[in-house]
Amino acid sequence: MATIKTAQLGKKPINWVKWVTILSFLLPSFVGFVVFVLAPMIWSVFLSFTNYRGGPNYRFIGLENYINAFSSPDFWSYLWITAKYMIITVVFQIVLGLAFAILLQHQFKGCGFFRGVYYLPNILASVAVGIAFMTMFRPVSDAAGAPNGGIVNGFLISLGLEPSQFLAGQESALGVIILVSIWQNFGYYMTLFIGSLQNVNTSLYEAADMDGAGPWKKFTTVTIPGISPILFYGITIAIIRGFQMFDYVYVMTGGQFGGGPAGSTNVLAFDIYKMFTMSRYGYASAEAVILMVIILALTVIQQKGQKKWVVYDVV
């Protein structure tokens, strides 16, 4: 009799409120993932094996779209422009973000103001930023020869210097876009690093001082390991953003039919967009799948490589 009572006492009633609450959060997230992430990915992969152009008649063509992409000099050129943009922006955004975070991590009069100033561009719409800088970097004259100079060229002329084509120049257009991207986004990484730097154990710096470590030694042996998880996250996000870059090219170098002079700013994401506007859905989907695989591969490599330099157990 005592055993039966003990068994009955050991039973726990099902907490229906708890499970309904959990499902109310998980179910919409799962449905959203299927509808907005998984389904478009499957559809893109499906289209990449067809010659679909929007009409009811299409056929499967196997790997033809992928073969055409990899055998196209334009595709490799656009991929190289994308990689160049990604590498430069990642390096400067992370380095500048960390440098300004180190300068602004301590509380002093006005530090909140400067943090806000450097972070503010990140909350602005990239389209608005692109339009503003496109106006600033206008060449001295337009295609018809009419005066059309922007404020930057006006400043150069006032100093007696030669004006530049900037966004209208084949050699300079991508550089201007890179500069704008760095300016707008490095504040985001600065904010991440400030929070991470403030959580580094100060006793580790005291121990390094006792060992006679200099500033650089403390930076490499205490600061970097201490913020390495956030640094890893920042680099990963910056790389993904770099490969997905589209809006600056669209806004600043020609709109729907843009891509800069002689295609000098035509990144892969923008070429995918152009192929869609030309109703080449199959080829555009193949390029999108290739870009997705590249991003996924780099992310996996980073996840594997983080074990060698990311430290999660700093005390």
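K218 and D209 form a salt bridge, with their closest N and O atoms 2.9 Å apart; the term denotes a side-chain nitrogen of Lys or Arg within 4 Å of a carboxyl oxygen of Asp or Glu. The model is predicted, so local features need pLDDT of at least 70 and side-chain atom pairs count only at pLDDT 80 or more, while totals for chains, interfaces and linings use all residues. Residues are numbered from 1 along each chain as its sequence is written, and side-chain values use heavy atoms, leaving out hydrogens and water.

**Salt bridge**
- A search of the whole structure finds one salt bridge.
- D209 counts as partly exposed because its relative accessibility is 45% (buried is under 20% relative accessible area, exposed over 50%, partly exposed in between; 1.4 Å probe, protein chains only).

**Nonpolar cores**
- The largest nonpolar core has 35 residues, of which F75 and F193 touch the most other members (such a core is a set of buried Ala, Val, Leu, Ile, Met, Phe, Trp, Tyr and Cys residues joined through side-chain atoms within 4.5 Å).
- At least two residues of this core come from each of α3 (64–70), α4 (73–104), α8 (173–197), α10 (215–243), α12 (268–277) and α13 (281–305) (helices are DSSP runs of H or I, at least four residues, numbered from the N terminus).
- With nine residues, α4 gives the most to this core.
- A second, separate core of 22 residues includes Y85, V176, V180 and F270.
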